[in-house]
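Here is a friendly briefing to read with the structure in view. Take a moment to find the chains, then follow the topics one by one.

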2 protein chains.
Amino acid sequence: MEKKKVTERQSPKIFLSGSIRGGRQLLETYRFMYAALEEAGAEVLSWHVADPDLEENESKMTEQDIYDRDMGLLAKSDALIAEVTVPSTGVGYEICRALDRKIPVLCLHRPDAVVSAMVLGNPYPSLDIRAYSNESVLNEIIIKFVRAL
Amino acid sequence: MEKKKVTERQSPKIFLSGSIRGGRQLLETYRFMYAALEEAGAEVLSWHVADPDLEENESKMTEQDIYDRDMGLLAKSDALIAEVTVPSTGVGYEICRALDRKIPVLCLHRPDAVVSAMVLGNPYPSLDIRAYSNESVLNEIIIKFVRAL
């Protein structure tokens, strides 16, 4: 019943935020999140975050092209999901811009991550923070988040 | 003459932003920037960024205490200077909040740093980005920035 509701309505548009120049060590997690979001009925606008060829593709763009693309996609998004385990200046910037837009923001991290106090101590009611210990838990959190949008 | 002008007027209040949980490898640079700012006639409100005992002191605070302290200091600041060489979610967040406040933002980095496109491609006119190759150049950039406030 719940699933039917998701497929019938328009897909919520998600900005997936993860470290790019801060380090791609969690690329496989971003790929998993992308697939879980699409499977849950969402449309990931910033699919490039999960693209293994991202650096090569972006090397053909100017810095402002990249900024404009990302801010343009964020402006069209219904929610932002950030993986905050790997410290990233861009992710912090995007979280702030999403809170400015008053859209729901979900920050996910591994249990042993040292997460910024600008995230963990952030009192915005539209921000939620969850730790995940494995892909199954991560998938469950993502499904619940998408269904609640 | 220029120096006299600086000492006569009220000290500009600066939010110094640098990586904390993202890694303290540039602590000595943050300490140098703090000293250069104070020497240039500015008052650094977020002096804790340059404090070697920061982690120990902050371990006694709640996450929201840290967030509230930092956002409170940012709200009182006339400008933000961020060292963006070390990727940091908190620094990205603080840059965005400072741009929201329309105060001057100066991002500084080592020449070989891989800096976020959310900084390098950012079109806000109140944002300036400069690379520095050594402490002498860094000091010079800081003095010019403080004098222009």
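**A buried serine**

Ser46(B) is buried, as its relative accessible area is 0%; buried means under 20%, exposed over 50% and partly exposed in between, with a 1.4 Å probe and protein chains only. This is a predicted model, in which local features need pLDDT of at least 70 and side-chain atom pairs count only at pLDDT 80 or more, while totals for chains, interfaces and linings use all residues. Residues are numbered from 1 along each chain as its sequence is written, chains are lettered from A and ligands numbered from 1 in the order in which they are written, and side-chain values use heavy atoms, with hydrogens and water left out.

- You will find Ser46(B) in the loop between β2 (43-44) and α3 of chain B. Helices (H or I, at least four residues) and strands (E, at least two) are DSSP runs, numbered from the N terminus.
- Leaving aside residues up to four places away in sequence, Ser46(B) touches Ile14(B), Phe15(B), Leu16(B) and Leu73(B). Contact here means heavy atoms within 4.5 Å.

**Salt bridges**

- Side chains of opposite charge can pair when their charged atoms come close. A salt bridge is a side-chain nitrogen of Lys or Arg within 4 Å of a carboxyl oxygen of Asp or Glu.
- How many salt bridges does a search of the whole structure find? Over all chains, there are 13.
- In chain A, Arg69(A) pairs with Asp70(A), with the closest N and O atoms 2.9 Å apart. Arg69(A) is partly exposed at 23% relative accessibility, whereas Asp70(A) is buried at 3%.
- In chain B, Arg21(B) forms a salt bridge with Glu63(B), and their closest N and O atoms are 2.8 Å apart. This pair links distant parts of the chain, 42 residues apart: Arg21(B) sits in the loop between β1 (13-17) and α2 (27-39), and Glu63(B) in helix α4 (residues 63-76). Arg21(B) counts as partly exposed at 26% relative accessibility, and Glu63(B) counts as partly exposed at 27%.
- Arg69(B) forms a salt bridge with Glu58(B), the closest N and O atoms being 2.4 Å apart. Here too the pair links distant parts of the chain, with Arg69(B) in helix α4 and Glu58(B) in helix α3 (residues 54-58), 11 residues apart. Arg69(B) is partly exposed at 22%, but Glu58(B) is buried at 8%.
- A network of salt bridges links Arg97(A), Asp100(A), Arg97(B) and Asp100(B).

- The axes of α2(B) and helix α7 (residues 135-148) of chain B come within 9 Å and cross at roughly 40 degrees. Axes are lines fitted to C-alpha atoms, for helices over the stretch in contact, and angles run from 0 to 180 degrees between N-to-C directions.
- α2(B) and α7(B) are therefore oblique to each other; angles under 35 degrees count as roughly parallel, over 145 as roughly antiparallel, 65 to 115 as roughly perpendicular and the rest as oblique.
- Among the residues making the contact are Phe32(B) and Met33(B) of α2(B), and Leu138(B) and Ile142(B) of α7(B).

**A positive phi in each chain**

- Most residues other than glycine have a negative phi.
- Lys102(A) has a positive phi, near 65 degrees, and is not a glycine. Lys102(A) lies in the loop between α5 (89-100) and β4 (105-109) of chain A and is exposed at 69% relative accessibility.
- Lys102(B) has a positive phi of about 65 degrees. Lys102(B) is exposed, with a relative accessible area of 69%.
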